[in-house]
Amino acid sequence: MSCSKLSKKQKIEEECRVFNENWTEKYFFTDVGVKAACLICSETVAVFKEYNLKRHFQTKHANFGHNLSKEELQKKANDLTKRLKQQQNVFDKTSSLQRNATKASFILANKIAKQNKSFAEAEFIKDCMVDAVSVVCPEVKSKVEAISLSRRTIVRRIDAIAVNIHEQLLTASGRFQWFSIALDESTDIQDTAKLLIYIRGIDENFEITEELLSMESLKDTTTGKAVFCNCMN
């Protein structure tokens, strides 16, 4: 066999290594997905290779369990494995709660922006939600309280949504085969005239995208050329 074929075969075998359950009792390691975690010190080893696990155990935990019988070592390994899984479950549950709370925060921020409501109203909405669930389903009160709806948070959420929509529109516009521009006039909360520029495009699959492209302040001397330049930008 040539060196290149041998190297390729070794690489495949390396990538296909799986965790051997016997290593838990021998070296106090357990499988945590793509890595092996030490049940004693929580360090991880990236490659499922017995030599790596053995070296770690003999180097850092050589005296661990030296006075225990085989049965006691097995029980110790099982207990440590159960404890690690419990810790992982708590971590996963906390991470899931945080993700859901963040998602809910974005959803409410998006609704506030679409309805042109004051950012400060978000905290009032949260207070109402907390009071309502305290009566209807008190077991989820802590989940609602975890939703961040402060004024500063809402500002960040809306900015992030705007950036994401802009990026999606840029991506979609690159696929447009045909497009049209529509204009409208509106005013902001300070009664300043605004030019609303909408774009509608169709790609080769005849999927239609329609979105607000830009909102520009209108001046007394705004010309068609200025409008065209705003559209092109």
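1. The order β1-β2-β3 describes an open sheet of 3 strands with antiparallel pairing. Its edge strands, each pairing on one side only, are β1 (29-31) and β3 (44-45). Strands are DSSP runs (E, at least two residues) and helices likewise (H or I, at least four), numbered from the N terminus; two strands pair if DSSP finds at least two bridges between them.

2. This is a predicted model, in which local features need pLDDT of at least 70 and side-chain atom pairs count only at pLDDT 80 or more, while totals for chains, interfaces and linings use all residues. Residues are numbered from 1 along each chain as its sequence is written, and side-chain values use heavy atoms, with hydrogens and water left out.

3. Over 3 bridges, β1 pairs in the antiparallel sense with strand β2 (residues 36-38). Within this part of the sheet, Phe-29 stands opposite Cys-38 in β2.

4. Helix α4 (residues 70-114) contains Ser-105. With a relative accessible area of 0%, Ser-105 is buried (under 20%; exposed is over 50%, partly exposed in between; 1.4 Å probe, protein chains only). Apart from neighbours within four places in sequence, Ser-105 is in contact (heavy atoms within 4.5 Å) with Ile-147, Ser-148, Leu-149, Thr-153 and Arg-157.

5. Strand β4 (residues 176-187) includes Leu-183. Leu-183 counts as partly exposed because its relative accessibility is 48%.
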